[in-house]
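Good morning. I will take a few minutes on the salt bridges in this structure. Please have the sequence and the model in view.

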Amino acid sequence: MTEIALITGAAQGIGRELTRRFLSQGWRVAGLDVDAEALAELASLHAGAPLLPLAADVGSEADVAQAPLTASAAGSGSPASRPVSTSW
């Protein structure tokens, strides 16, 4: 089973470094950040890597609740069905 990391603040600072390290160790990473432009840059730096950039505000309860569901559905299959995508 592939490990999935959900990293907040993934597009900058410590979160960016954690994203790089997890990817280098073969993890799939769902990277959350409020800065969609910085996320796009991060994704382009790691093109082809199993990175799912998610624009989300951790101050928003709805964004925080949705992020693990999105990551799960995209990477490892939704709880009740087959994987939606294995390309990220």
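Helices here are DSSP runs of H or I with at least four residues, numbered from the N terminus. The model is a predicted one.

With that term in place, take E17 and R21. Both residues lie in helix α1, four residues apart, which is about one turn of the helix.

Which other residue does E17 form a salt bridge with? That residue is R20, with the closest N and O atoms 2.6 Å apart. E17 and R20 also both lie in helix α1, here three residues apart, again about one turn of the helix. Taken together, E17, R20 and R21 are linked in a network of salt bridges.

Next, how accessible are these residues? E17 is partly exposed, with a relative accessible area of 31%. R20 is partly exposed at 39%, and R21 is partly exposed at 47%. For reference, partly exposed is the range between buried, under 20%, and exposed, over 50%.

How many salt bridges are there in the whole structure? A search finds three. One of them joins E41 and R16, whose closest N and O atoms are 3.4 Å apart. E41 has a relative accessible area of 44% and is partly exposed. R16, at 24%, counts as partly exposed too.

Methods:
Residues are numbered from 1 along each chain as its sequence is written. This is a predicted model: local features need pLDDT of at least 70, side-chain atom pairs count only at pLDDT 80 or more; totals for chains, interfaces and linings use all residues. Side-chain values use heavy atoms; hydrogens and water are left out. A salt bridge is a side-chain nitrogen of Lys or Arg within 4 Å of a carboxyl oxygen of Asp or Glu. Buried means under 20% relative accessible area, exposed over 50%, partly exposed in between (1.4 Å probe, protein chains only). Helices (H or I, at least four residues) and strands (E, at least two) are DSSP runs, numbered from the N terminus.
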